[in-house]
Amino acid sequence: MTVILQEDFISSVAAALQYISYYHPADYIRSLAKAYEREESPAAKDAIAQILINSRMCFEGHRPICQDTGIVTVFLKVGLDVRFEGPAGGSPLVDLQGMVDEGVRRAYLDPDNKLRASILADPAGKRTNTKDNTPAVVSVELVKGDKVDVTVAAKGGGSEAKAKFIMLNPSDSVVEWVLKTVPTMGAGWCPPGMLGIGIGGTAEKAMLLAKESLMDPIDIQELIARGAQTTAETLRIELYDKVNRLGIGAQGLGGLTTVLDVKVRDYPTHAANLPVAMIPNCAATRHAHFVLDGSGPVYLDPPDLKDWPKLAYDPQDARRVNLDTVTREEAATWKPGEVLLLTGKLLTGRDAAHKRMTDMLSRGEKLPVDFKGRFIYYVGPVDPVRDEVVGPAGPTTATRMDKFTRQMLAETGLLGMVGKSERGPAAIEAIREFGAVYLMAVGGAAYLVSKAIHGSRLLAFGDLGMEAIYEFDVRDMPVTVAVDAKGTSVHQTGPAEWQRRIAGIPILQ
Ligand code: SF4
């Protein structure tokens with residue numbers, strides 16, 4: 001019988017969560033660096049460069065890879081010959097969920113690297129922030145043995161939002177469903193990443209298989225080299241090839257690499273069923289694995305910085321834009337896919353601020369902030385530490401703001417928006433009608449973006465915390481024109497173009 005101290009378990013979980021907040025898994029970085037080398041789409045190459053540079057900066061600065069520091073997901077395999085012990089040799093003071101949550105609390109409130117609290121209680125009601133990112137989602141399996149096997153992950157909301165499930169007929173094709181479904185997921189899951197696919201079992205088992213498969217290391221090239229031996233492996237190779245041939249590319253801008261790997265796990269199922277779950281992992285892939293054997297807490301060794309390519313961000317031909325003097329006429333000359341460097345005053349606001357502002361506008365009330373001729377950045381930053389102006393501050397998914405866009409453009413005189421991922425048809429039509437523009441920053445490059453922010457001032461709705469309206473003073477903040485003033489969307493033209501081009505390029509080599 002192995003004795004695991006409650007405190008050892010908690011401090012190991014806390015340390016692992018801090019670790020994954022700033023260290024990408026090395027296999028992800030090695031694979032992304034290869035994708036960078038072979039990428040031919042300039043917009044996608046620029047986006048991958050930003051993700052790689054951001055990752056190295058986070059490695060060195062011990063600050064979060066992304067402003068969304070995720071919902072904590074933990075897989076525990078607890079040996080049947082393990083006993084947990086609380087303080088002074090007594091029983092544990094809390095259950096396993098309580099121990100994990102204490103680890104989460106310590107990690108997310110760590111003053112040296114405070115992480116963003118993103119978890120809201122009463123999800124269909126008041127949506128109140130729990131303030132310490134608890135509770136985690138914990139899956140426990142009791143297994144043979146005398147150890148505790150722990151996998152922790154911090155899953156970004158943008159990629160989790162794109163999780164899919166379907167109960168196919170047994171004669172249906174899994175490949176067909178995946179290829180039909182991935183393009184509907186847009187770019188809000190911040191590709192390049194991975195797809196986790198769970199097949200079989202029951203509905204909830206398929207979802208768990210899909211999520212847990214994302215914890216496996218990236219090894220598709222090794223699999224291609226040795227050849228598939230099972231149905232799941234055959235599917236992995238076929239889907240890796242065919243999903244990349246969709247041409248979606250980094251950040252949905254069109255390009256050669258959409259997924260770095262596809263994972264498939266299966267489980268026996270009922271004769272009448274073929275449950276299939278698909279969950280993407282984003283550019284902020286964050287997970288770590290360790291084993292507690294009773295000898296004390298586990299503190300993982302840092303990865304080797306040599307695996308992180310040293311790139312300098314130097315966007316060729318980028319157009320410099322002064323946000324304080326820019327006009328609608330000037331913005332109308334920007335081309336889809338063009339890289340801009342923004343300097344000047346940039347307003348912020350996301351879901352809750354938009355809901356409140358559009359409610360006020362509908363009641364005929366004056367907004368506390370004048371948006372006329374201004375740009376708004378959809379962002380919810382991490383709190384600053386030490387001498388930072390702001391913590392990591394990458395974009396959030398703009399599609400969620402679509403339903404507010406027409407009213408904001410029509411009633412406030414807003415000139416442009418900055419976010420990530422594509423806009424829907426209604427928002428694009430409003431952008432075209434009002435001669436506005438939508439710019440895209442790279443999801444998963446949050447620390448890099450934050451270095452372009454040199455001042456931050458709270459303007460309104462302070463009670464909304466990270467969702468409040470701030471005025472950022474930015475210098476050379478890199479963005480890409482995603483919807484121009486004529487309503488052309490790079491998220492439509494880019495993948496269409498690269499799907500054509502990729503037809504003649506081998507993926508499986
Ligand atoms: S990389 Fe994108 S999807 Fe992932 S956590 Fe960051 S913003 Fe969310």
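**Note on the predicted model**

1. Lys 242 is partly exposed, because 16 other C-beta atoms lie within 10 Å of its own, whereas a buried residue would need 20 or more and an exposed one 12 or fewer. This and the points that follow concern a predicted model. Lys 242 belongs to helix α9. Apart from its neighbours within four places in sequence, Lys 242 is in contact with Val 175 and Leu 179. Its C-alpha atom is separated by 21 Å from that of Ala 33, a residue 209 places away along the chain.

2. An open sheet is formed by four strands in the order β8-β11-β9-β10, with mixed pairing. The edges are taken by β8 (164-168) and β10 (259-269); each has a single partner strand, so one side of each is left without a neighbour in the sheet. From one strand to the next, the twist averages 15°.

3. Within this sheet, β8 and strand β11 (residues 274-281) run antiparallel and are joined by five bridges. The bridge partner of Lys 164 is Met 278 in β11. Helix α9 (residues 231-244), the helix that holds Lys 242, packs on the sheet and touches β9 and β10. The direction of α9 makes about 145° with that of β10. Helix α7 (residues 203-213) lies across β8, β9 (193-201), β10 and β11, and runs at about 150° to β9.

4. Another open sheet has four strands in the order β6-β2-β7-β12, and here too the pairing is mixed. Its edge strands are β6 (137-143) and β12 (287-292); since each has a single partner strand, one side of each is left without a neighbour in the sheet. The twist of this sheet averages 15° from one strand to the next.

5. In the sheet that contains β6, strand β2 (residues 71-79) pairs with β6 in the parallel sense over seven bridges. Leu 76 stands opposite Val 140 in β6. Helix α4 (residues 96-108) packs on this sheet, touching β2 and β6, and its direction makes about 130° with that of β6.

6. Which residues of helix α12 are buried? In α12 (residues 402-412) they are Thr 405, Met 408 and Leu 409. They lie on the same side of α12, because the arc they cover around the axis is only 95°. Among the elements that cover these buried residues is α13 (425-434). Just after α12 comes Gly 413, with a positive phi of about 80°.

7. Strand β15 (residues 375-377) and β16 run parallel and are joined by three bridges. Phe 375 stands opposite Gly 416 in β16. Along β16 (residues 416-419), Gly 416 and Val 418 point one way, while Met 417 and Gly 419 point the other way. All of these β16 residues are buried.

8. What surrounds the ligand? The shell consists of 14 residues, of which the closest are Cys 66, Gly 156, Gly 158, Cys 190 and Cys 282.

Methods: Residues are numbered from 1 along each chain as its sequence is written. This is a predicted model: local features need pLDDT of at least 70, side-chain atom pairs count only at pLDDT 80 or more; totals for chains, interfaces and linings use all residues. A residue is near a molecule or strand if its C-beta atom, placed from the backbone, lies within 6 Å of it. Two strands pair if DSSP finds at least two bridges between them. Helices (H or I, at least four residues) and strands (E, at least two) are DSSP runs, numbered from the N terminus. Axes are lines fitted to C-alpha atoms, for helices over the stretch in contact, and angles run from 0 to 180 degrees between N-to-C directions. Two residues are in contact if their C-beta atoms, placed from the backbone, lie within 7 Å. The arc is that of the directions from the helix axis to the C-beta atoms.
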